[in-house]
Every structure is written in C-alpha cells, then in structure tokens.
Amino acid sequence: MARVIELTLNGRQRLDAVADNLLLLDYLRERVGLTGTKTGCDGGECGACTVLVDDTPRLSCLTLAATVSGRRVDTVEALGEGGALSAVQRGFHEKLGSQCGYCTPGFIMACAGLLRRNPQPSEEEIRAALGSNICRCTGYVKIIEAVEFASGLLSQGVARP
Ligand code: FES
Ligand code: FES
C-alpha cells in the first residue's frame, strides 16, 4: 500500500507518495537525496540516523515515513543560515568534536534537539540527551565540550541551535 504524505522538510513543504513500509531514513536519503543523515546499525542502536521531528530527536531508521505526515522534519542540511554554521556545528568545529565524522550528523541533530528544548543544559543533561548516540572515535569528552560551547553561543545570542 502507498499513501500521500505532506510534511515540512527543512523548512519547505513537500508532498510525496510513499509505501507504508518506507523508512524515514530511506525516504530522506534515497527519495529526497538528503544524504547527510547516515545509515549506521540500521537497527536503533547507534543514533547515526537521528533527525528532528517537531524539534524532537528521532531515529529515522525506526520511523516510518508515513508517520511524519503533517509534521516538521529537520535534517542536518537544515542547520546554519546563509553559509554560517549553527551553534552546534560551531561547537563541533571549535572543540574538535568530530574525527571520522560518520556519527557527527546524528550527534549534531541530537544536540540541536536538546538545545532547542533546553539552551543551558547541565553536563548530566547533555550526557542523557546523547545516550542513544554512539561514537567510535572521540571518547565523547570533545562532544560534551562542543555542546557546552554551543550553549555558550546561545546565551550570547550570536548563533542559533
Ligand atoms: S542507523 Fe538508526 S540507530 Fe543506527
Ligand atoms: S567521529 Fe568517528 S564514529 Fe564518531
């Protein structure tokens, strides 16, 4: 079975016919061509596929595209404006929160979701918010520092999450 979905994807309205069993991850990467969202474990274990649905982090490998009809979906491609990095992207850049980079889009979206809800999170809240994301390279300390740096930019009002 297929159905028509209407959503706001990275700020733009879209109307698409999708199969009932099409995963949001495959819709984004293969139908729309937004390959910033990564396929990792493909089973809800790594967080590489994290996107925001109505500002809440969701694992797109466990989400059916049909269920986001009427919702607002943001991928890593939505961040930054006019060539300027978002606060979280600047944090990862300044604090070297990325090494091989494969996990980075998922982490960045999970961090963006956290900071949209809570612009000044404690370290404990940051660790809890990133509990579904796995990185094989960084050891996580740099990632925590990246979120704290981003939070500082938000408090100065010089960037958006
Ligand atoms: S690819 Fe979705 S959690 Fe790993
Ligand atoms: S930077 Fe390599 S897996 Fe995270």
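**Entry 1: A17.** I started with A17, which lies in strand β2 (residues 12-19). Helices (H or I, at least four residues) and strands (E, at least two) are DSSP runs, numbered from the N terminus. This is a predicted model, where local features need pLDDT of at least 70, side-chain atom pairs count only at pLDDT 80 or more, and totals for chains, interfaces and linings use all residues. Residues are numbered from 1 along each chain as its sequence is written, chains are lettered from A and ligands numbered from 1 in the order written, and side-chain values use heavy atoms, without hydrogens and water.

The classes are buried under 20% relative accessible area, exposed over 50%, and partly exposed in between (1.4 Å probe, protein chains only). Leaving out residues up to four places away in sequence, A17 touches R3, V4 and R31. Contact means heavy atoms within 4.5 Å. I also checked A65: 48 residues from A17 in sequence, 10.0 Å from A17 in space, C-alpha to C-alpha.

**Entry 2: α5.** Helix α5 (residues 141-156) has 16 residues. I got 23 Å from its first C-alpha to its last, close to the expected 22 Å. The expected span is 1.5 Å times one less than the number of residues. Its buried residues are I143, I144, A146, V147, A150, S151, L153 and L154. They pack against α2, α3 and α4 (123-129). Just after α5, G157 takes a positive phi of about 70°.

**Entry 3: α3 with α5.** The two axes come within 11 Å and cross at roughly 40°. That makes α3 oblique to α5. Under 35 degrees counts as roughly parallel, over 145 as roughly antiparallel, 65 to 115 as roughly perpendicular, and the rest as oblique. Axes are lines fitted to C-alpha atoms, for helices over the stretch in contact, with angles from 0 to 180 degrees between N-to-C directions. I noted F107, C111, L114 and L115 on α3, meeting I143, V147, A150, S151 and L154 on α5. By class, the contact has eight nonpolar, one polar and no charged residues.

**Entry 4: α2 with α3.** At what angle do the axes of α2 and α3 cross? I read roughly 130° for helix α2 (residues 87-94) and helix α3 (residues 104-117), with the axes coming within 9 Å. They are therefore oblique to each other. V88, Q89 and F92 in α2 meet T104, F107, I108, C111, A112 and L115 in α3.

Definitions and conventions: Nonpolar A, V, L, I, M, F, W, Y, C, P; charged D, E, K, R; others polar.
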